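Please find below some notes on the model, written for a colleague who has not looked at it before. They are set out as numbered points and can be read alongside the structure.

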Amino acid sequence: MSHALSNNLLNRISHKVKYFESPQDALNKIINKTIIPYQVEYQPGRIKGKKICWLECSYCYGGSASNSDEKLTPDRYVDLIGEVAKGPQNINGVNKAIYAGYATDPLNYEYIDDLIDESKQFNQIIGIHSKLIKISDRLVDILTDNKIQKTSYITISLDAGDNESYNKTHNLGIKSKIYDRVLNNVEKLVQNKKHNSSDIDISINYLITLFNSESILVEKAINDLVSIGVNSLRFSFPQLPRGMNSNNGFIIPNKAEVNEIYNKLINLISKYNGQNGTSVVLNDFDNDNNIADFRTMPCFARFIYPAVAYDGYLSHCSQSGAIHFRDMSLGNLQNNNFWDLFYNYDEKNIKSFLGKDFAKMKKNDCRCDRKEHIVNSSFKNII
């Protein structure tokens, strides 16, 4: 990996991406209804079965979400991807499609290969967030094709250094060997990427909990992944899910524990940065960005990165894509055009409009993720 590419990737995994020219420019476009999202996230929910995700992790942001019989049809998803990519009349569409989940894993969706391939056909930048417990050969070929757009990526949530810590962290039985399975899938992607000279970035997230913070586990994960040749390995700390506070976070470290773990691991992790072309970093986002609350207001997430929730509704953001946020949704996409719902707001009184949304967010215990905290904070001085 070149030094320039390494810095570019490091900025992206550290939430230092520039989402708009300036907050004022973005606000002007919102008022004129010419704003185009930086990205649209799709969170397809599995059609068959009662579970919408593979696992039930205690630190999952969407752990309080329940399944729904309301789902977009596969054909509607394909049409929707086209609507988003083509854009509204006389305005270019969205050039970045994210496949992830608030309470789901996109690769657990039966037709995920078709959806991602559709985004690829529109020459969109593709981003995927998954635990990578399984991946089809077809999807491996789609992602590692040399025609995929630059800065496309797949980020794999690993959060462990061996099978035992994986099982403990993810509430699994002691005999499961999913850590090994995930590593095999990662290696398959990396080998195909190299063979095809593909531009996709293959990155790993390791959320540090009280069950996986031992130095020996962290170093083993680093060695496993650096030897495979992933582009980046980011260690960070989980945020408290909806309904939790610092006293009932279970395996989530509190602020004092985060400081202790950070100081214990920073030198170990830093010494591997750049080995075999892999960016290896430890981030304490909350401390670095002075994040002390569950949300940063006013919230502009719906204009920058709205999400298509697993129930088929257009949600404000990736963190509100569930049934219990229904009164915050922008509308049902099964029977409505994306852009009709996206631009359905009172542009003549944005401050009042945002205030009404804030009341709903507070009632629903809506919480920002790190990129939302950072982006929302940039608007504080202009509205």
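1. A residue is called buried if its relative accessible area is under 20%, exposed if over 50%, and partly exposed in between, with a 1.4 Å probe and protein chains only. Because its relative accessibility is 75%, Lys348 counts as exposed. Lys348 is placed in the loop between helix H12 (338-342) and helix H13 (350-363), and its C-alpha atom is separated by 13 Å from that of Ile383, which is 35 residues apart from Lys348 along the chain.

2. The model is predicted, so that local features need pLDDT of at least 70 and side-chain atom pairs count only at pLDDT 80 or more, while totals for chains, interfaces and linings use all residues. Residues are numbered from 1 along each chain as its sequence is written, and side-chain values use heavy atoms, with hydrogens and water left out.

3. Helices (H or I, at least four residues) and strands (E, at least two) are DSSP runs numbered from the N terminus, and two strands pair if DSSP finds at least two bridges between them. On these terms, 10 strands form an open sheet with mixed pairing, in the order S7-S6-S5-S4-S3-S2-S1-S8-S9-S10. Its edge strands, each pairing on one side only, are S7 (279-282) and S10 (331-332).

4. Within the sheet, strand S1 (residues 40-42) and strand S8 (residues 307-308) run parallel and are joined by 2 bridges, with Tyr42 standing opposite Val308 in S8. Strands S6 and S7 also run parallel, joined by 4 bridges, and here Ser232 stands opposite Ser279 in S7.

5. For the helices, contact means heavy atoms within 4.5 Å, while axes are lines fitted to C-alpha atoms, for helices over the stretch in contact, and angles run from 0 to 180 degrees between N-to-C directions. Helix H3 (residues 74-86) lies across S1, strand S2 (96-99) and S8, and runs at about 170° to S1. Helix H9 (residues 255-270) packs on the sheet as well, where it touches strand S6 (232-236) and S7, and its direction makes about 165° with that of S7.

6. Helix H7 (residues 178-196) and helix H8 (residues 215-228) pack with their axes 9 Å apart, at an angle of about 25°. Angles under 35 degrees count as roughly parallel, over 145 as roughly antiparallel, 65 to 115 as roughly perpendicular and the rest as oblique, and H7 and H8 are therefore roughly parallel to each other. Residues that meet here include Leu183 and Val186 in H7, and Ala221 and Leu225 in H8.

7. Rings of Phe, Tyr and Trp (its six-membered ring) pair if their centres lie within 6.5 Å, and planes under 30 degrees apart count as stacked, over 60 as edge-to-face and the rest as tilted. The structure holds 15 aromatic pairs. In one of them, the rings of Tyr102 and Phe325 have their centres 6.0 Å apart and their planes at 75°, so this pair is edge-to-face. Tyr102 lies in the loop between S2 and helix H4 (112-121) and Phe325 in the loop between strand S9 (313-315) and S10, so the pair ties together parts that are 223 residues apart in sequence. Both of these residues, Tyr102 and Phe325, are buried.
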